[in-house]
Amino acid sequence: MNWIETVIYTTSEGVESVTGNLLNLGINGFIIEDAADFESFLEGNEGNWDYIDDPLMLLKNKETCVKAYLADNEQGAEMLREIKRSMEQLKEYDKEKKFGRLEIEVDGVKDEDWENNCKKYFKPFNVGDKLVIKPSWEEYRSDGSRKILEIDPGSSFGTGSHETTKLCLERLESLVEEGCEVLDVGCGSGILGIAANLFGAKYITSVDIDLNSTRIAEENFRKNNIGDEKRRIFCGNILSDDALYKTIADRKYKVVAANIVADVIMAMRGLFAELIEPDGTLLVSGIISPRAFEVKESLEEVGFVAQAKYDKNDWSAFELTLKK
């Protein structure tokens, strides 16, 4: 298997947060290159100050970064999108800009250039009993048994091939009722909202902190002939933007879907409880399996009851309702 080197530029202070985000995504192998290591060596090197090996010397003027290695296949492409979204969230929370630029390069090429290479991996495929997902550049002959969801992810997370997205799509097939309203938190490419519309939802509200994601989601809604009368899309952080939260909270939702990382799910638990209909369902995914119990316990603290847990490989999702 070929591997793609993914480099995230940060600062010494940001290394812990960056690697923590990677661990939350299930990436536990990475390399840290930190100029501070060179300075630490000089400060503590009293007896051998005349010798510095070449790898350490290279750190002298190097920008601190964290390197991870992704498979050069469709799963790797999906993980890159997830890393990008995670770094956008970290930028949002880093108000004092202590963590550096948090930009991503892939094998020396910026991720917006690499996304074009990812097209070779994205082919039409079935999800659940009712959907087929296809990119616009691929031909697909339908026999009428499945609804066609056309999506171009760009650099946003969400082609439907990643386990976390599949878990959500498979459950939305059963959870979405004809004429209901759905909220998609962390919409990425817009795939969950589009699927909900295809399953019968009358109105979709989507939100993401990444402006590029909301732009791509808007384009994908149009590709699937979902007009303004059936959806709305917002860019912002509902945890910190009260005005945005109040706008989204102007109604209750039958289904709230959040395919985001564990820490953000737990931070939003109180908002989820306020946004959902009394008999509605919260669907959370994007949870690395070792953290599943932690997320479930956190949601239970605000009144949610787990009705079901679903797993694919090392990822988990929960279906929850509010305690009556």
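Helix H7, which spans residues 191-198, has eight of its eight residues buried, so it is largely enclosed by the rest of the structure. Here, buried means under 20% relative accessible area, exposed means over 50%, and partly exposed lies in between, with a 1.4 Å probe and protein chains only. The buried residues of H7 are Ile191, Leu192, Gly193, Ile194, Ala195, Ala196, Asn197 and Leu198. The helix is followed by Gly200, whose phi is positive, near 120°. Helices (H or I, at least four residues) and strands (E, at least two) are DSSP runs numbered from the N terminus.

The structure is a predicted model, in which local features need pLDDT of at least 70 and side-chain atom pairs count only at pLDDT 80 or more, whereas totals for chains, interfaces and linings use all residues. Residues are numbered from 1 along each chain as its sequence is written, and side-chain values use heavy atoms, with hydrogens and water left out.

Asn220 counts as buried because its relative accessibility is 0%.

Strand S9 (residues 181-185) is likewise largely enclosed by the rest of the structure, because five of its five residues are buried. Glu181, Leu183 and Val185 point one way from the strand, while Val182 and Asp184 point the other way, and all are buried. In a regular strand the side chains alternate between the two faces of the sheet. S9 runs parallel to strand S10 (residues 203-208), and five bridges join the two; for strands to count as paired, DSSP must find at least two bridges between them. Within this pairing, Leu183 has Thr205 of S10 as its bridge partner.

A further three strands form an open sheet in the order S6-S7-S8, with mixed pairing. Strands S6 (125-127) and S8 (147-150) stand at the edges with a single partner strand each, so one side of each is left without a neighbour in the sheet. From one strand to the next, the twist averages 35°, where axes are lines fitted to C-alpha atoms (for helices over the stretch in contact) and angles run from 0 to 180 degrees between N-to-C directions. S6 pairs with strand S7 (residues 131-134) in the antiparallel sense over three bridges, and Val127 stands opposite Leu131 in S7.

The loop between helix H4 (74-93) and strand S4 (104-106) contains Lys97, and Leu102 is found in the loop between H4 and S4 as well. Although Lys97 is not a glycine, its phi is positive, at about 55°, and Leu102, also a residue other than glycine, has a positive phi near 55°. Lys97 counts as exposed because its relative accessibility is 60%, whereas Leu102 is buried, with a relative accessible area of 2%.

Trp3, which lies in strand S1 (residues 3-9), counts as exposed at 53% relative accessibility.
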